[in-house]
Amino acid sequence: MTTLYGIPNCDAVKKARVWLDGRGTAHGFHDYKKAGVDEAALRGWVAAHGWETVLNRKGTTFRALPDADKADLDADGAVRLMLAQPSMIKRPILALYDGRTLVGFDPKTWETALG
């Protein structure tokens, strides 16, 4: 099954949900602010897309971190931050039924991936 990961009040997630519903694409929704995120899934996203893509450094949660927590980040450090504060994960992430994932909402990219 296709699963949309995100936070319900995020504008990008709202747009993605409307887009998926408009196409008639069946999907589940995983609110990782309430339900957390599976470490293995998060590490898989980081392996596939790079921690720089998966970590939302533009959000207020990341920007509010002490400089020491943001310094010298690597994949493991980024994963630790995202596990502790799931709102630091880029939104949305779409996990497709075939194991591929898409990070961020881009209708053209999603259309190509979903056919």
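**Briefing on the protein chain**

Pro 92 lies in the loop between α6 and β3, and a cis peptide bond joins Arg 91 to Pro 92, with omega about -15 degrees. Helices (H or I, at least four residues) and strands (E, at least two) are DSSP runs numbered from the N terminus. The model is predicted: local features need pLDDT of at least 70, side-chain atom pairs count only at pLDDT 80 or more, and totals for chains, interfaces and linings use all residues. Residues are numbered from 1 along each chain as its sequence is written, and side-chain values use heavy atoms, with hydrogens and water left out.

**Overall form**

- The protein chain has seven helices and four strands, in the order β-α-β-α-α-α-α-α-β-β-α along the sequence.
- The radius of gyration (taken over C-alpha atoms) is 14 Å, close to the 13 Å that the globule rule gives for 115 residues, so the protein chain is as compact as a globular protein of that length. That rule is 2.2 Å times the number of residues to the power 0.38.
- Buried residues make up 43% of the 115 residues; buried means under 20% relative accessible area, exposed over 50%, and partly exposed in between (1.4 Å probe, protein chains only).
- Of the contacts (heavy atoms within 4.5 Å) between residues at least 6 apart in sequence, 61% join residues at least 24 apart.

**Helix α6**

- Helix α6 spans residues 75-84, and its buried residues are Gly 77, Ala 78, Val 79, Leu 81 and Met 82.
- The cover over these buried residues includes α2 (39-49), α3 (51-54), α4 (60-63) and α5 (67-70).
- At the start of α6, a side-chain oxygen of Asp 74 comes to within 3.3 Å of the backbone nitrogen of Asp 76.

**Loops on either side of α6**

- Asp 72 is located in the loop between α5 and α6. Asp 72 has a positive phi of about 55 degrees although it is not a glycine, and it counts as exposed at 79% relative accessibility.
- Most residues other than glycine have a negative phi, and most peptide bonds are trans.
- Ser 87 is in the loop between α6 and β3 (93-95). Ser 87 is buried, with a relative accessible area of 12%.
- Leaving aside neighbours within four places in sequence, Ser 87 is in contact with Ile 7, Lys 33, Asn 56 and Thr 61.

Definitions and conventions
A polar contact is a pair of N or O atoms within 3.5 Å; within protein, one must be able to donate a hydrogen and the other to accept it, and residues adjacent in sequence count only if both atoms are side-chain atoms.
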